[in-house]
Amino acid sequence: MNILIVEDEKSLASEIAEFLRSENFLCDVAHTGTEASEKIAVNLYDFVLLDLGLPDYNGLDIIKEAHKTNKEASFIIITARGAVEDKVTGLDLGADDYLAKPFALVELLSRINAVARRKFNITTSNITLGDFEMLIQSRKLVCNNSEVDLTKREFDLLQYLVLNRGKVLTRQQLYEHIWGNLLDDQYDSNFIDVHIKNLRKKLNNHAPAPWLETVRGVGYRISTEE
């Protein structure tokens, strides 16, 4: 998933980003509120890790702004400010969790995963897709006890569609959430189509996959029908 880390302490921001990238997340970093505001206005994020103690901005205002352009983003507040008022205000504005510094990176990961389970209504680590089963934790897709040979990006693409099961995702949404944020003149919608074509071919080599649907002129969707 795509995460924006808003943290003015550069060494900490770099440490968090490096750790989360090793856990297969995409990460952007903003060291000021202004930079974070600009990124949120033009990019789509699944999560925003937000330090409230920014040098140029009230971090709580970032949450308010994001509700206008990044309504799907989940917020985890990370801050040394321990005032109960800040915590309550942040949660009231829509933040999903609150983590006080200093914290262990594994705890941050646990909080992100917990929010993701609620966000995507995940109640099990294995998801059934017709004759296929996606093993989220081990990052495998199996069909009749045979593993489907997917590249990392193919698995990421399928997993993001599965997490948003029933929703139509545009090609640009898929591009940004799997390959990162790009400028408009760098975006090529055919790139996603090629990957979906390759993914379908691999799936159909094992069993029919009618649940991977093309929504003409828009994008792709995983059907909610079993």
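Student: Where does Asn24 lie?

Tutor: Asn24 sits in the loop between α1 (10-22) and β2 (26-30). Helices here are DSSP runs of H or I with at least four residues, and strands are E runs of at least two, numbered from the N terminus. This is a predicted model, where local features need pLDDT of at least 70, side-chain atom pairs count only at pLDDT 80 or more, and totals for chains, interfaces and linings use all residues. Residues are numbered from 1 along each chain as its sequence is written, and side-chain values use heavy atoms, with hydrogens and water left out.

Student: Thanks! What is the phi of Asn24?

Tutor: Asn24 has a positive phi of about 75 degrees, although it is not a glycine. Most residues other than glycine have a negative phi.

Student: And is Asn24 buried or partly exposed?

Tutor: Asn24 is partly exposed, with a relative accessible area of 33%. Buried means under 20% relative accessible area, exposed means over 50%, and partly exposed is in between (1.4 Å probe, protein chains only).

Student: What about Asn145, where is that found?

Tutor: Look in the loop between β8 (140-143) and β9 (146-147). Phi of Asn145 is near 70 degrees, again a positive value in a residue other than glycine. Asn145 is exposed, at 81% relative accessible area.

Student: Switching to peptide bonds: which residues does a cis one join?

Tutor: Lys101 and Pro102, with omega at about -10 degrees. Pro102 is in the loop between β5 (97-100) and α5 (105-119). Most peptide bonds are trans.

Student: Now the rings. How many aromatic pairs are there?

Tutor: The count comes to two aromatic pairs. The rule takes rings of Phe, Tyr and Trp (its six-membered ring) with centres within 6.5 Å; planes under 30 degrees apart are stacked, over 60 edge-to-face, and the rest tilted.

Student: Why is the pair of Phe132 and Trp211 called edge-to-face?

Tutor: Their ring planes are at 75 degrees, with centres 5.7 Å apart, so the pair is edge-to-face. Phe132 lies in strand β7 (residues 132-135) and Trp211 in the loop between α8 (190-204) and β11 (212-215), so the pair ties together parts that are 79 residues apart in sequence.

Student: Are those two buried or exposed?

Tutor: Phe132 is buried at 1% relative accessible area, and Trp211 is buried at 6%.

Student: How about Tyr175 and Phe191, what are the distance and angle?

Tutor: The ring centres of Tyr175 and Phe191 are 5.4 Å apart and the planes are at 45 degrees, so this pair is tilted. Tyr175 is in helix α7 (residues 171-179) and Phe191 in helix α8, 16 residues apart. Tyr175 counts as buried at 9% relative accessibility, whereas Phe191 counts as partly exposed at 31%.
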